[in-house]
There are 2 protein chains.
Amino acid sequence: VAMGEFQLIQRFFDRVPVRRAQLGIGDDCALLEGAPAGQAMAVTTDMLVCGRHFLPSVDPESLGHKALAVNLSDLAAMGATPNSFTLALALPEVDEAWLERFARGLLNLAREADCELVGGDTTRGPLNVCITAIGRVAATIALRRDCARPGDELWVSGELGAAAFAVREAAAGRPLPTEHPAQRRLDWPQPQLALGRALPGLARAAIDLSDGLAGDVGHLIERSGVGVRIDWLAVPLAACLTDEPEAERMRLALSGGDDYELLFSAPVEARVAIEQLADRLDVRLTRIGTVVEGRERVITGRHGERLGDQLGGYDHFG
Amino acid sequence: VAMGEFQLIQRFFDRVPVRRAQLGIGDDCALLEGAPAGQAMAVTTDMLVCGRHFLPSVDPESLGHKALAVNLSDLAAMGATPNSFTLALALPEVDEAWLERFARGLLNLAREADCELVGGDTTRGPLNVCITAIGRVAATIALRRDCARPGDELWVSGELGAAAFAVREAAAGRPLPTEHPAQRRLDWPQPQLALGRALPGLARAAIDLSDGLAGDVGHLIERSGVGVRIDWLAVPLAACLTDEPEAERMRLALSGGDDYELLFSAPVEARVAIEQLADRLDVRLTRIGTVVEGRERVITGRHGERLGDQLGGYDHFG
């Protein structure tokens, strides 16, 4: 929904060459010269707006969780360990019960992730939550978007499409119960922090899946100057997609967004270590394709046929 | 306007003890362990909301400037040197001419202040600008709010009340021309960066004047556990206040806000060095009172009489 239009805005701010930061606009996080011994600071900011990222009826506890989770997911996609965050919050009115629940969701995740709330700003205004999170990562092995190389294998964590399924059902007037796994996936995303922390040194490039696999793969390969071939049958789908027609499964899994899984590229030699990591962390990690030279963006079907045209309508892909 | 109510919100987020940060919620900036050699990272975030912090008719160039300026003012109040910032921006629609001007105001100040835009987020929503700025400061001499000591002298930079004068005139249906010094003060605040950078080692505690002298003095002495005596006749007033009745001069200068000057406490022995600093930087620095033991908050008038009761209506003071 006009995401491309809004990404265009970046060109108004992206024209100043980055001098001081090691990595500026256009990745999951910026990288700043940081603490001792080659550590960089990873910095990311996300703004959640009522009516766009959540409904006015949102459970404030899940909103507090999600507002931090989407930022932690960016840190994970950089391979960074969370350190601290700031919260700016605009509220139409002071509702103590609402704030109590919002703070609970926010601070519970902060505690779990060992990420400290260090400052903030509160003001009256249309409901808006803006969090800036800071993490640390060894600069030379941070998981930038621009480091994928031809020959790398493309991996994805978890299963895709559940959150998009919940969004679709709600939009169609059939909201899922809050306990439905797909609804929980949408409301209570779990950033892949342990995985993100373990990947530097194994993976080369990574991005978190917030806009949908198709768009986010596009970001990664554009920044890396490479192409990609994805095997549609290998893409791990959420269980709730099983009974959907294939075109709908593709739509939900490839362009649905809100999965907050990690997509990463790694050299073939890392395959065994990555499979061992999946076992150790009890996280599903699936090879879904390969990085290739050139600008090719292909998704192949059951018989090896190109399905790329079906992605033509999605921003940044096909 | 219900500022106190919104500051109450902090108690929902302030109950987690700070462990990792050197300084957490409640100061101009948080202080995080930072770059090599005793440097801390100062982090601050401010959210500007349409209808509250600016009017829909705002000149986008001045809005871009001001959104960054208020954050740089927090860095100055910490004694920090600006390093980088992130921008989160919600916009009702993509208006290229508007964005062009907003970006110009923002990036011109960024260049002047040598503060690099390193990341951001843009989304559709009611107009909202949230900036998080990061600076560096030697941790041991950072200008915290909680370091004022009895016997310190209280200093303020510049002159107070101009921005509040412009706000009053606009609210009364008599908006000042954009070139009026008071209107420029409101629209184009100039953060006291050079002063802030020079004060660590001379001053003990500092805060920037965003809510008005009365409220901001209150923050400083509360955090320091001290009292204060201010000499009203010493308070430097903006020229546009000259013809106002004294009660109105007090209201504008003491509780008007938006001055973005620095208020700081310093030991008596630093007086000469501070006066030399004022000459060197060509900044007016005025002694307006003293820090005292206990909880006393007194403002004295022409004949030494207490004017404190006139401040009773203001949050955090009197």
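Two strands count as paired if DSSP finds at least two bridges between them. What we have is a predicted model, where local features need pLDDT of at least 70, side-chain atom pairs count only at pLDDT 80 or more, and totals for chains, interfaces and linings use all residues. Residues are numbered from 1 along each chain as its sequence is written, chains are lettered from A and ligands numbered from 1 in the order in which they are written, and side-chain values use heavy atoms, with hydrogens and water left out.

How many residues of strand 5 of chain B are buried? It is 10 of the 11 in residues 128-138, so this strand is largely enclosed by the rest of the structure. Buried means under 20% relative accessible area; exposed is over 50%, and partly exposed lies in between, with a 1.4 Å probe and protein chains only.

Next, the open sheet of chain B. It has 6 strands in the order 7-9-6-10-8-11, with mixed pairing. Which strands stand at the edges? They are strand 7 (205-208) and strand 11 (297-300) of chain B; each has a single partner strand, so one side of each is left without a neighbour in the sheet. From one strand to the next, the twist averages 25°. Angles run from 0 to 180 degrees between N-to-C directions, and axes are lines fitted to C-alpha atoms, for helices over the stretch in contact.

Asp208(B) has Leu262(B) of strand 9 as its bridge partner. Helix 3 of chain B, residues 60-78, lies across strands 7 and 9, at about 170° to strand 7. Helix 8 of chain B, residues 213-224, also packs on the sheet and touches strands 6, 7, 8, 9, 10 and 11. Its direction makes about 145° with that of strand 7 of chain B. Contact, throughout, means heavy atoms within 4.5 Å.

Helix 3 of chain B has a helix partner too. Its axis and that of helix 4 of chain B, residues 96-113, come within 6 Å and cross at roughly 35°. The contact includes Leu68(B) and Leu72(B) from helix 3, and Phe102(B) and Leu109(B) from helix 4.

One residue deserves a stop. Leu252(B) lies in helix 9 of chain B, residues 246-255. Is Leu252(B) buried or exposed? At 1% relative accessibility, Leu252(B) counts as buried. Leaving aside neighbours within four places in sequence, its contacts are Gly161(B), Ala164(B), Phe165(B), Arg168(B) and Leu241(B). The C-alpha atoms of Leu252(B) and Ala163(B) are separated by 8.6 Å, though the two are 89 residues apart along the chain.

Over to chain A. Its secondary structure comes to 10 helices and 11 strands. Of its 318 residues, 58% are buried. Among chain A contacts between residues at least 6 apart in sequence, 81% join residues at least 24 apart.

Chain A has an open sheet of 6 strands in the order 7-9-6-10-8-11, with mixed pairing. Strand 8 of chain A, residues 227-231, pairs in parallel with strand 11 over 4 bridges. In that pair, Asp231(A) stands opposite Thr300(A). Helix 10 of chain A, residues 271-281, packs on the sheet and touches strands 6, 9 and 10; its direction makes about 5° with that of strand 6.

Last, helix 8 of chain A, residues 213-224. Its 12 residues reach 16 Å from first C-alpha to last, close to the 16 Å expected at 1.5 Å a residue. That expected span is 1.5 Å times one less than the number of residues. Helix 8 of chain A is mostly covered, with 10 of its 12 residues buried. Among them are Leu213(A), Val217(A) and His219(A). Just after this helix, Gly225(A) takes a positive phi of about 70°.

How values were computed:
Helices (H or I, at least four residues) and strands (E, at least two) are DSSP runs, numbered from the N terminus.
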